[in-house]
Amino acid sequence: MNWREDLRTGSTIARAELRRSVRSISSDRRRLAEVAVVAVSVCLPLLVLVPVLIGEGWRVRASTALPPVAGWVTVATIGLLILAVYRTVSAVGAIDQDALVLTTAHPRAVVIGLTVAEWVRQLFTVGVIGCVLLTAFGVGAGVPWLGLTAFLVGTPLFWWTIVAGYVGGMGLLVLDDRLQFDRRLLAVGGVLVFLVVTIGSQLYVSRFTGAITALSPEAIAIQPLFAYAQLAFVGTPFADPIGSGPLIVGLFVIMSTPLALSISTRLATRHWLADDQRTTNRSHVTTGGFSPPIPFSWSPAGFVAWGALIRAIREPRNHGHVFTAFIAIAPFAGVYTNAPASEHGLLLALGGVLLATVLSGELFVLNPIGELTEQLPLVLLTRLSPRTLLRGRVIGATTAGVVVLTSVGLLALSIGLNLRSFVLVWLVGSVFCLAAALFSTGLGAAIPSSDTTQQWGTETVTPSIAAQIVFLFTVWDGATIGVVVLWLMLSGWLTVTPVVVGGLVCYSVVVVGPALASYRSAVRRFESITLAAVIE
Amino acid sequence: MCPPAIETDALRKTYGTTVALQSLDLSIESGSIYGFLGPNGAGKTTTMRLLTGLSDPTSGTASLSGTPVDDRRSIADLVGYLPESPPLYGEFSGREQLEYVVGLRTLDADRTAERIEELLAQFDLTEDADRRISGYSTGMKQKVAYIQTILHDPPVLLLDEPTAGLDPRAARQLKESITERSEGGTTVFLSTHILPVVEELADTVGVLYDGELVAEGSPDAVTERAEADGDATLEDAFLAVTSEPSANR
């Protein structure tokens with residue numbers, strides 16, 4: 001079976017993967033800055049949560065009884081499992097330099113290496129955050145070592161979620177390979193499933209608020225799992241007598257690991273040796289040449305916009321980062337359900353404004369220079385000015401947003417939105433889309449990212465994480481304020497007074513001003529760009 | 001009797017309705033250098049991926065030194081594969097990359113350390129061995145990739161455009177290394193568009209066109225078959241057999 005050899009090779013691969021992960025960040029100032037931005041955005045909520053948990057620990061200290069957390073242990077484990085599946089599908093399921101790795105090492109060794117590396121990564125990110133939170137609770141409860149013991153107890157569970165998640169993720173990738181559907185259909189189908197799950201869950205919770213207790217995590221608690229997690233409290237006043245639960249969980253983790261690795265290896269081998277769909281789909285024939293329709297054919301910028309749109313439609317996975325738009329819009333479903341039926345049309349249209357705005361800001365424009373790295377030798381030597389290139393991308397992004405805005409608006413019309421509101425929402429939404437696209441060009445040009453990464457089974461250049469975070473903090477929040485004001489006005493709750501008009505003027509200046517300034521800065525950056533500047 | 005170093009029997013690969021490789025029969029003896037030629041899209045890289053087990057054939061079989069290519073564990077020791085795009089990690093230094101491959105192949109690190117130094121010196125890479133690969137030139141990357149391909153002394157070498165991006169000196173070093181290895185008994189399967197390289201090195205030439213082997217033999221024999229004129233080169237022969245393949249079969 002050569003398990004020993006595979007474990008040895010696997011540990012070599014894991015160490016190399018971790019070293020590469022660290023170096024790819026430490027040797028790149030931009031990526032270091034991104035990590036700092038992510039760390040700050042994670043630490044800010046911790047500043048609130050830590051005191052709360054210290055207080056909660058203090059509260060339970062006297063009672064020597066833990067609050068009901070069995071369900072949360074189950075929820076956390078399921079959450080980690082889903083995270084592992086997501087990470088496998090989006091990143092860890094692919095091998096960098098497969099021609100080297102697969103001709104030198106057995107696939108099982110590669111699976112071991114990749115999963116161990118991912119385990120360590122998760123322990124030092126998610127694990128450390130959990131450790132901090134539990135330490136805070138422990139400090140309040142008089143057991144300051146709780147974070148450490150929880151970390152030790154949780155480590156095997158982390159491992160199990162990683163290997164089980166790898167099986168799930170690889171299963172999805174193999175399914176993706178096997179299905180001979182068009183990639184676009186799969187992408188659209190994936191987005192629809194995601195929308196149904198996220199928005200549907202919001203609707204469900206909102207609609208059945210009376211039954212919310214039935215949805216409490218305690219309802220899905222797996223008792224042996226909780227009993228295992230309680231090992232972290234051994235030696236404290238909160239410790240329960242150790243029953244068979246920890247043994248069951250421990251045995252399950254030990255027994256299922258080789259099985260999960262074996263299944264993963266089979267699935268991974270099938271996926272890694274599968275024929276590339278892009279090679280397979282040689283039958284894709286496009287006739288008629290590149291002929292943009294009116295109005296795109298009227299100007300060179302229109303040409304650029306149509307090119308961007310066509311490429312996005314043909315290979316949507318290259319724009320996987322726009323997924324955040326759908327995540328951001330999901331909570332809106334709860335607002336929709338809690339509102340009276342007479343408001344549904346308007347709320348749907350306003351939800352469309354938010355979705356369209358985020359899409360317009362994320363598609364084509366959040367990394368306008370980085371996405372062009374490969375084409376720059378061509379692009380920089382054409383007669384097209386940087387302004388035309390950027391304008392084309394802005395037009396493309398705005399068009400995509402307006403199409404979504406119009407589609408959702410028409411749907412809203414069919415469920416009772418009046419025509420006047422439709423027109424107003426559409427006009428405001430279109431301005432938002434344009435403003436978001438303009439704003440993003442400057443933001444994306446300031447932090448270009450030309451790194452290609454394997455995501456969703458394809459090699460793609462994604463905007464920098466810092467640009468995405470800043471975008472969501474500014475555009476999403478700004479658009480939400482505008483949408484709420486618009487809703488209040490169209491519902492008749494906000495009448496036009498000099499103060500309101502003044503506020504609207506200020507808001508417009510805040511929206512339009514930075515958008516135009518950002519666009520101008522993007523043009524300036526593009527005009528001064530050279531190949532070396534981008535590649536470095 | 002030793003089995004051929006590379007053997008394929010009716011090897012076929014299709015992608016959907018597209019036939020990338022028709023029924024390919026090859027039998028390459030140990031220690032020979034086989035020049036594998038063909039225009040872009042002829043199926044050369046597909047053949048190499050099939051011979052390394054990186055892709056599954058639609059039908060037919062392939063083996064290296066008598067071992068079926070789907071026996072992944074054994075094949076890893078038998079073959080060294082240098083794909084067209086050097087499989088290197090930019091975050092590693094040249095030396096680290098080679099040591100990583102030593103680990104992947106579970107070779108004895110102490111014994112191989114000396115060999116790594118020798119090969120680095122042979123290819124003028126000693127001074128740059130501790131620099132990150134991301135800062136290497138195309139030629140340096142290609143040389144590191146070649147070294148990692150031969151590090152375990154495989155009996156079969158599959159090289160896809162090995163001299164691409166190399167300056168004349170580096171190309172000469174690499175050609176000498178290929179010849180040396182061949183003289184030592186290594187079988188080299190060499191795919192390239194640079195016909196003078198094949199003309200200089202190969203014992204046997206195979207020309208693939210549209211997934212089909214349309215000519216095979218020594219460089220002189222292939223040249224003669226394509227052109228009665230005594231001044232014909234391998235390039236002339238290549239152009240002749242890949243323009244009207246049916247006439248040459």
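Here is a short chat about a helix pair in chain A and a serine in chain B of a predicted model.

Colleague: Why is α1(A) called oblique to α5(A)?

Modeller: The axes of helix α1 (residues 3–26) and helix α5 (residues 107–141) of chain A cross at roughly 45°. Angles under 35 degrees would count as roughly parallel and 65 to 115 as roughly perpendicular, so α1(A) is oblique to α5(A). The two axes come within 7 Å, and the crossing is right-handed.

Colleague: Which residues make that contact?

Modeller: From α1(A), they include A:W3, A:L7, A:I13 and A:L18, and from α5(A), A:V110, A:I112, A:L114 and A:V120 are among them. The contact residues divide into 12 nonpolar, 4 polar and 4 charged. A:G10 and A:G113 are in the contact too, and Gly is counted as polar here.

Colleague: Over to chain B. What makes B:S191 count as buried?

Modeller: Its relative accessibility is 0%. Buried means under 20%, so B:S191 counts as buried. B:S191 sits in strand β8 (residues 187–191) of chain B.

Colleague: And how do you know that the side chains of B:S191 and B:D160 are joined by a polar contact?

Modeller: The value is 3.4 Å, and the cut-off for a pair of N or O atoms is within 3.5 Å. Leaving aside residues up to four places away in sequence, B:S191 also touches B:F36, B:K44, B:M48, B:L159, B:E161 and B:P162.

Colleague: Back in chain A, how many helices and strands are there?

Modeller: Chain A has 20 helices and 2 strands, and 43% of its 536 residues count as buried.

Notes: Residues numbered from 1 in each chain as written. Chains lettered and ligands numbered in written order. Predicted model: local features only at pLDDT ≥ 70, side-chain atom pairs only at ≥ 80, totals over all residues. Heavy atoms only, no water. Axes fitted to C-alpha atoms, helices over the stretch in contact; angles between N-to-C directions. Helix = DSSP H or I, 4+ residues; strand = E, 2+ residues; numbered from the N terminus. Parallel < 35°, antiparallel > 145°, perpendicular 65-115°, else oblique. Left-handed = near helix turned anticlockwise from the far one by under 90°. Contact = heavy atoms within 4.5 Å. Buried < 20%, exposed > 50% of the residue type's maximum accessible area, 1.4 Å probe, protein only. Polar contact = N/O pair within 3.5 Å; in protein donor to acceptor, adjacent residues only side chain to side chain.
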